[in-house]
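User: I have just opened this one and would like a careful walk through it. Could we start with the charges and then move on?

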Amino acid sequence: MLYAVVDIETTGGYASGNGITEIAILIHDGVSVVNSFETLINPKQYIPDHIEALTGISNDMVENAPVFAEVASEIYDLLHDKVFVAHNVNFDFSFIRHQLGEAGYDLQCNKLCTVRLSRKILPGHKSYSLGKLCAALKISLNNHHRAGGDAKATAELLSMLLQNDTEGIIHQSLKITSKEQALPPNLSKSKIDQLPQNPGVYYFKDQKGKVIYIGKAKSLKKRVCSHFSGNNAGKQRQDFLKNIYSVDFEVCGTELMAFILEATEIKRLWPENNRALKRYEQKYALYSFEDQKGYLRLGIDTFKKNLPVLYSFNTILEGHHLLKILIKDHFLCEKLCYIQKNRMACTGHEEGNCSGACVGKESAPAYNVRVKYAIAQLKSMLPSFAIIDAGRTEDEQSCILVEQGKLYGMGYISQYSDVQEPELLKSALKAYPSNDYIMHLILTHTEQHPHKRIAV
């Protein structure tokens, strides 16, 4: 078996927006280096000052160097039938595969990451960065942060790993069924092995234990592993993978519960990599307040977190439709409900459907009685029901409780619980905040599975 030990220097941290400035490839036969290739590369873009300071590679140095396409054929021939080895292999592989793809070559080969292998075969070191690990293992590292120097040190590290691999870890990693080399360099395979196939929510955490991403899954293990497949070379994905150090999870009885828990946890923790749900906000709401003349007024406005809400909705059209039903059923004043704004009196007053509150003919106490009845009707119009479904084990069932059109909470109950008793249900459930997004999920689910919905 031949190994291609690779190191590159680049203009930045992700392949799709940056270029390679230097590449070194050492062919290793399992004992020693038998062939080598090394060259500067013209990246066809400016090398930032901080990168030049780190690597020592300047724009002048690469000006007359070949562009990648000119050496792509030779690089592909060296790599395509070897095991691709690098320290943090997915970084180097993403750049080279991207550049070869641009030149018309499709690189497909097994990979080995000397960071991951070192953690397993040579455990106990404080740091597994190339510089600190080489110092601890007394591996000579000359010309650090240059492709040739780092590749030679990595090749020596590979030799040491092969010699000390008494448990066959390298062979196991190269099996077709092994997905370990696709994992981020700082995420232990043991963390993946503990993931179940159940529905649930997973939490990616950084080196300090801070949650950086929350996701939901029908199968936790399958979904988590899907994050590490593919060859997306973009900055966002590369930075994301680099910062994953651990994964925690919470099993849910159903996928719907996982959806609800995910939405709630994203709102609670605001992970930096969750963008779509963080942007979701309720848009409009129906409010009630007393004006300076003592009249209770109903009105639609943009959603405000700190005001008590009678009902919320996504579109102002939906809100107007609901408000007009209340106006018609309880002879409310369109002007006092802000349906009409530019007339002295509302249309309903002219047609005999309003008792004249808008022009002072009806007293505030008399009018307010009907407003209170309208609010009571609104609450009765909003559904209360439970969704009973599979639990986490055969001994329980899951329950999601909706009360007057809002999520009350969810949890797990006995197979013998009386779901017709909402107060008993509440004592067994954990309360969760409700919003339009969550209620849309719940109502869509009940439309698709009406037999799971039980009125309470």
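**Charges, fold and cysteines**

Analyst: The chain carries 52 positive and 50 negative charges, and their mean positions lie 6 Å apart; Lys and Arg count as positive and Asp and Glu as negative, while His and the chain ends are not counted, and each charge is placed at NZ of Lys, CZ of Arg, CG of Asp or CD of Glu. This is a predicted model, in which local features need pLDDT of at least 70 and side-chain atom pairs count only at pLDDT 80 or more, whereas totals for chains, interfaces and linings use all residues. Residues are numbered from 1 along each chain as its sequence is written, and side-chain values use heavy atoms, with hydrogens and water left out.

User: Ok, and what radius of gyration does the chain have?

Analyst: The chain has 32 Å, while a compact globule of 456 residues would have a value near 23 Å (taken over C-alpha atoms, with the globule rule being 2.2 Å times the number of residues to the power 0.38). Its C-alpha atoms fill a box of roughly 100 × 60 × 35 Å along the principal axes.

User: New topic: how many disulfides does the structure hold?

Analyst: The structure holds zero disulfides, a disulfide being a pair of cysteine sulfur atoms within 2.5 Å.
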